[in-house]
Amino acid sequence: MSRVSKWHRILAFLTFLWIGGDLGALHIVRDAEIEEVLTEIVKPIFKIAGLRPETARIYVINSEVVNAFTVGNGYIFITSELLLRFENPLQVIGILCHETGHIAAGHVERHISLLQKRSNNFIIAMLAGILGASLTGSADFMGLLLGYAATDERFYLKFSRGEELAADALAASYLEKLGYGSDVLIDALEVFRSIDLLNGGVNLPIYVLTHPKTDDRISALYKYAKRRKYKADENTSRKYDRVITKLRAYLKKPNLLAKTPEDDYSKAIYYHRAGKSKEAIALLRNLSKKNPLDLYQKEILAQVLYESGQLDESIKVYEQIYGKKVNDLIKIDYANVLIEADRNVDVAIRILESLKYFARFNSDIFRLLAKAYGKKGREGLAHLLLA
C-alpha cells in the first residue's frame, strides 16, 4: 500500500470514528476472551456476506459514547458503552451485520478515495485563499474558502448517509439468512433513538448528519421486518453475558450485585482493579478448581498473580494453558512473565518472533522482544527492535 493510501485510510478511520470524544484519551480494551467471543459472533456474518471469516477482527474501544464503525479489511470497532447498553446479543449481531455491510459494499475504500480527492481539493483552495488574502488584504478570499469547505462537507455527508441506508439493507438480508428479521437491527436502533432524544440529536438538521436520522432508518427497515421477537441461542447468550459482566468489572462499573453464574468471576476482576488482589486471587483459584477446563479464568488468575508480583506462581498457571489453543494475547502475556522472571527467555523469544508480523495493535511485542534480546546480550538487535 502506498503512503498516500495509508494516510487516507487513517483519515477514513477518524471519519468513521466520529464519537465526539478526545481521541488521545481513548484506548482499546485488550482482552482475549472479549475479543474472541465477539469475533466468533461476527464470523458467520462474514461468511454470508461473501467475506473471509478468518479476516474478522473486533476490538472494543473504552468510550462513554455508543458507536461502532469499521475501517475495512475485516476490522470492526465497538465502544464499551455500546456493549454495556445492549443486554441482548442479538442487538450486537444487528450492528455487526450493518458494519459487515459497509465492508462487503466497499464503502471504506470509497471513503478513502473521496477523502483523498477532498483533501487535495481543499489544500488547493486553502492555498488560493491564503495567497488571495495576502495579495489584496481582503477577507473575501477566506470567506470563499470557508464557503467551499461547507458546501464540500455537505456533499460528503450526503454521500455518507446513502451508504448508511445501503448498509442497513444489506444487514437486513444477512439477518434473514441467519434466521432472523430486520426486527433485530430495529431493536438496536431503538437504543440509538433513545440516545438521540436524550441528547437533542433528533432535532439536528439532516444536512449536518453523517447518518440518516434514526427514525428514517427504522422506517426503511420495517419493510424487511417480520414483526417477531427473536432470542439468541443459549451458548451465544451465555458467552455474551460473561463478556458484559467482565467488561463491567474491568471498567469498574456498578451493578455487580446481581446474581449471575459469572458473579465470582466478575467480582474477582473488580477486586483486582480496585487493588484487592488477595481477594481476587482467592476467588480465581476457587473458580479454577471448579472449572479446570476454563482457560480464560486461568488466564485471569495468571495475570493477577503476575501483577501482584508472584511471578513463579503466574508462570505455573500459564504453563497449564500454554500449548492449548489460546489467543495471541495470552501468548504475549506468558512471554512477558517469562522475560520479567528471567526464566526460559528463549521460549519467550520464540513465542514473540512467531507473532510479531501477525498480532494487530500490539507494539508491545517489539518492546518485549527488545527486552528479551537485551537479556541475551544482543544489544544491537534490541535497539533495532525499539526503533
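Analyst: Let us begin with a single residue. In this predicted model, L96 is in contact with L38, I41, V42, I45, I58, I76 and I78, its neighbours within four places in sequence being left aside.

User: Which residues have the most contacts inside the largest nonpolar core, and how many residues does that core have?

Analyst: The general idea is that nonpolar side chains tend to be buried together in soluble globular proteins. Here the largest nonpolar core has 95 residues, and those with the most contacts inside it are I78, L83, F86 and L96. A second, separate core has six residues, among them Y59, F69, Y75 and F77.

User: What is the secondary structure of the protein, and what share of its residues count as buried?

Analyst: The protein comes to 17 helices and four strands. It has 387 residues, of which 46% count as buried. As for contacts with a separation of 6 or more, 61% are accounted for by residues 24 or more positions apart.

User: Are helix 10 and helix 11 roughly parallel or roughly antiparallel to each other?

Analyst: Helix 10 (residues 263–273) and helix 11 (residues 277–290) pack at an angle of about 155°, and their axes are 7 Å apart. Angles over 145 degrees count as roughly antiparallel, so this description applies to helix 10 and helix 11. Helix 10 passes helix 11 in a left-handed crossing. Helix 10 contributes D264, Y265, K267, A268, Y271 and H272 to the contact, while helix 11 contributes S277, E279, A280, L283, L284 and L287.

User: Is H272 buried or exposed, and with which side chain does the side chain of H272 make a polar contact?

Analyst: Burial is judged by relative accessible area, with under 20% counting as buried. H272 has a relative accessibility of 16% and therefore counts as buried. The side chain of H272 makes a polar contact with the side chain of E307, at 2.6 Å. Apart from neighbours within four places in sequence, H272 is in contact with S277, A280, V304 and E307.

User: What is the phi of N73, and where does N73 lie?

Analyst: Most residues other than glycine have a negative phi. N73, which is not a glycine, has a positive phi near 55°. N73 lies in the loop between strand 3 (68–72) and strand 4 (75–79). With a relative accessible area of 46%, N73 is partly exposed.

User: Where is N344 found, and what is its phi?

Analyst: N344 is found in the loop between helix 14 (328–341) and helix 15 (345–355). Although N344 is not a glycine, its phi is positive, at about 50°. The relative accessibility of N344 is 43%, so N344 counts as partly exposed.

Key:
Residues numbered from 1 in each chain as written. Predicted model: local features only at pLDDT ≥ 70, side-chain atom pairs only at ≥ 80, totals over all residues. Heavy atoms only, no water. Helix = DSSP H or I, 4+ residues; strand = E, 2+ residues; numbered from the N terminus. Buried < 20%, exposed > 50% of the residue type's maximum accessible area, 1.4 Å probe, protein only. Polar contact = N/O pair within 3.5 Å; in protein donor to acceptor, adjacent residues only side chain to side chain. Contact = heavy atoms within 4.5 Å. Core = buried A, V, L, I, M, F, W, Y, C linked by side-chain atoms within 4.5 Å. Axes fitted to C-alpha atoms, helices over the stretch in contact; angles between N-to-C directions. Parallel < 35°, antiparallel > 145°, perpendicular 65-115°, else oblique. Left-handed = near helix turned anticlockwise from the far one by under 90°.
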